[in-house]
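Welcome to this tour, and please have your viewer open.

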Amino acid sequence: MTMSDPIADMLTRIRNAVRVSRETVDIPASKVHRGLAAVLQQEGYILRFDEIEGSSQGTIRIRLKYGPDGERVIQEIKRVSRPGRRVYSKIQDVEPVLNGLGIAVLSTSKGIMSDRRARKLNIGGEVLCTVS
C-alpha cells in the first residue's frame, strides 16, 4: 500500500517514540528519510541512525537522544510543507525557529539541510519541517 506523505509518517513515528521515551525508532528507508535523519544527527537532535538490511526497501533505525535526567531533546517536530500545499521560501523569508534555538529543515537544490546551513550557502527551497 502506498503512503501519501512518507515524511509526515517519519515525523509522526519520531514524535510518538519521543513521547513514550523509546530508545530507538524504525523507519522505512528512502533517500529523503536518510537526508532528514542526517540533518537531525548533525544538529544534535538524535544520537545516530543506522541502515538495517532485511527487507527489499531496507530500514533506518534512529537512536533518539535524551538529557541526563531523561528530558526530551526533541520538544516539537512539525511538518510544514504538505503534499497538498507545498511551501517554498527564499532563505531570507525563512523565520528562525524559537529565535534560533530550533531548526527548519529545507530541501534545496544542494540536498536536504538545516536553515543554518542554507543561510551560509544563501539558498532557499522547500521547507519540510521545523524541529525544536
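Start just after helix H2 by selecting Gly 44, which takes a positive phi of about 85°. Helices (H or I, at least four residues) and strands (E, at least two) are DSSP runs, numbered from the N terminus.

A word on what you are viewing: this is a predicted model, where local features need pLDDT of at least 70, side-chain atom pairs count only at pLDDT 80 or more, and totals for chains, interfaces and linings use all residues. Residues are numbered from 1 along each chain as its sequence is written, and side-chain values use heavy atoms, with hydrogens and water left out.

**Stop 1: helix H2**

Now select residues 31-42, the 12 residues of H2. At 1.5 Å a residue they should span 16 Å, and the end C-alpha atoms are 17 Å apart, which agrees. The expected span here is 1.5 Å times one less than the number of residues in the helix.

Which residues of H2 are buried? Colour His 33, Gly 35, Leu 36, Ala 37, Val 39 and Leu 40 to see them. Buried means under 20% relative accessible area, exposed over 50%, and partly exposed in between (1.4 Å probe, protein chains only). As you look along the helix, keep in mind that an α-helix has 3.6 residues a turn, so residues three or four places apart point the same way.

Next, pick Gln 41, also found in H2. Gln 41 is partly exposed, with a relative accessible area of 32%. Leaving aside neighbours within four places in sequence, Gln 41 is in contact (heavy atoms within 4.5 Å) with Ile 46, Leu 47, Arg 48 and Phe 49. Try the distance tool too: Gln 41 and Leu 64 are 23 residues apart in sequence, with 9.6 Å between their C-alpha atoms.

**Stop 2: the sheet beside it**

Show E1, E3 and E2, in that order: these three strands form an open sheet with antiparallel pairing. E1 (24-28) and E2 (46-52) stand at the edges, each with a single partner strand, so one side of each is left without a neighbour in the sheet. From one strand to the next, the twist averages 25°.

Zoom in on E1 and E3 (residues 59-64), which pair in the antiparallel sense over five bridges; strands count as paired if DSSP finds at least two bridges between them. Asp 26 stands opposite Arg 61 in E3.

Now bring the helices back. H2 lies across E1, E2 and E3, running at about 155° to E2. Helix H1 (residues 6-19) lies across E1 and E3, at about 165° to E1. Axes are lines fitted to C-alpha atoms, for helices over the stretch in contact, and angles run from 0 to 180 degrees between N-to-C directions.

**Stop 3: the core**

Which residues touch the most other members of the largest nonpolar core? Select Ile 14, Ile 62, Leu 64, Ile 74 and Val 131, out of 25 residues. A nonpolar core is a set of buried Ala, Val, Leu, Ile, Met, Phe, Trp, Tyr and Cys residues joined through side-chain atoms within 4.5 Å. H1 gives the most to this core, with six residues.

**Last stop: the whole protein**

Zoom out to find three helices and eight strands. The C-alpha trace spans about 40 × 40 × 25 Å along its principal axes. Of the 132 residues, 39% count as buried.
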